[in-house]
Amino acid sequence: MPLTPGLAAFLAPPPPARLPLPPAAHPVPGVRLLRGVPYAVRTGVRPLELDLWLPDGSPGPLPVVVYLHGGGWRAGTRTEMGPRFRGRRPDPFARLARAGFAVASVDYRLSGEARYPAQLDDATAALAWLDARAGELGLDTRRTVAWGESAGGHLAALLALTAPVSGCVVWYGPTDLTTLPDQSGPGAYDAADPTTREAQLIGAAIAEAPALARAASPVTHVTAGAPPFLVLHGTDDALIPLAQGEQLAAALRAVGAAVDFRAVPGADHGWAGLPDEEVERCFAASVDFARARTAAPPPLARP
C-alpha cells in the first residue's frame, strides 16, 4: 500500500544538516573527532557518513581537507589514509588536525551500491553538508582542498574539477578510463571485461561504453578554471600506470592550469615498496600543498 503524502512526510528522516552532531572523542591530545556523522540519506542504501577531525581551541574559521578513500570504488574505509598508514600513531588525519585543518574523511556509495556518477554526487553532497554546518563547526569552506588516494584520488580530481575548491591532491589515481587498458601493457587489462573495477564503476566494460568511460574520467572535465593540483604517482605502479598521472598533468598544463606532478621513484600502488621516510615525504609535500592553497588571504589595505 503506498504511503499518503502526510505519512510519508512524517516518516521521512530529518535532513542531515539539521541532525544533532555526535559527541566528540579525543583520540589524541589537541584533537576532537566527530565519528560517523551522517551527511546524506539515499533511498535504498545505508546513510552516508563522514568522520570530522578538528583541532581543539583553534581561533577563527578552519580550512578544510575533504578526504576520499581508495579501494577500487568497491571497497575501502574512511578511517584510513591508504594501506601504508594503517596503525600509524598519531593517525595522519589527527596530524592534519594538529596542523590546523578540519578534515572530513568521507564515505561514498560503492560500485556494488550505485553506478557513477553516484560517487561524485556523494562527494559533492559532503561539500554541501560542510557548507551548511560551517558556522556551527567553525569552518571556512571557501578554503577547501580535495585529497584522495587511488579510486579516491580519481574522485577527488573529479570533485575539484566540478566544484569550487581551492586545490586537489591526487595520489596514484586513475585519470582516464579510456586509455587505462592500453597503458597497462599487453595482456594486463582486458577492456572488454565487464568485471574490472572500472567496468563495475560505470556499469559496462570500457570497450562497450566509451562515452560512459570518458564521462567518468577526470581528464574529460579539465578546464582553464581548474584549481591547482598536486599529483603524486609511483614510477613502478603495477595497478594504475604512471602514465595516468602524467596524462592528468598534461591536460591541466594544456589549458594553463597549475599542476605540480611528481613521479615517485620505486613506488608501486599504495606506496608499496617505498621506504617509510619517502612515504613521509609524500605526506609532508601534500600537507605543505594544502597549507599553501588554504592560506588566509591578506587583509585588504586601508585606503
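## Strands, cores and cysteines

User: Hi! Which residue in S2 does Val 37 stand opposite?

Analyst: Val 37 faces Leu 50 there. Strands are DSSP runs of E with at least two residues, and helices are runs of H or I with at least four, both numbered from the N terminus. Before we go on: this is a predicted model, where local features need pLDDT of at least 70 and side-chain atom pairs count only at pLDDT 80 or more, while totals for chains, interfaces and linings use all residues. Residues are numbered from 1 along each chain as its sequence is written, and side-chain values use heavy atoms, leaving out hydrogens and water.

User: Got it. How do S1 and S2 pair, and over how many bridges?

Analyst: Strand S1 (residues 31–40) runs antiparallel to S2, with 7 bridges. Two strands count as paired if DSSP finds at least two bridges between them. S2 also pairs with strand S4 (residues 102–106), again in the antiparallel sense, over 4 bridges. In that pairing Leu 50 stands opposite Val 106.

User: Why is S2 largely enclosed?

Analyst: Because 7 of the 8 residues of S2 (residues 48–55) are buried. Buried means under 20% relative accessible area, with exposed over 50% and partly exposed in between (1.4 Å probe, protein chains only).

User: Now the largest nonpolar core: how many residues, and which have the most contacts inside it?

Analyst: That core has 65 residues, and Tyr 39, Leu 50, Leu 159, Phe 229 and Leu 252 have the most contacts within it. Helix H5 (residues 151–162) supplies the largest share, 8 residues. A nonpolar core here is a set of buried Ala, Val, Leu, Ile, Met, Phe, Trp, Tyr and Cys residues joined through side-chain atoms within 4.5 Å. A second, separate core of 31 residues includes Trp 53, Tyr 172, Val 279 and Phe 283.

User: And what is Phe 229 in contact with?

Analyst: Leaving aside neighbours within four places in sequence, its contacts (heavy atoms within 4.5 Å) include Cys 168, Leu 252 and Phe 289.

User: Switching topic: which residues are buried in H10?

Analyst: Among them are Val 279, Cys 282, Phe 283 and Phe 289. The cover over the buried residues of H10 includes helix H2 (92–98) and strand S7 (229–234).

User: How many disulfides does the count come to?

Analyst: The count is 0, taking a disulfide as a pair of cysteine sulfur atoms within 2.5 Å. For Cys 168, the nearest cysteine sulfur is that of Cys 282, 16 Å away.

User: Is Cys 168 buried or exposed?

Analyst: Cys 168 has 0% relative accessibility, so it counts as buried. Cys 282 is at 6%, so it counts as buried too.
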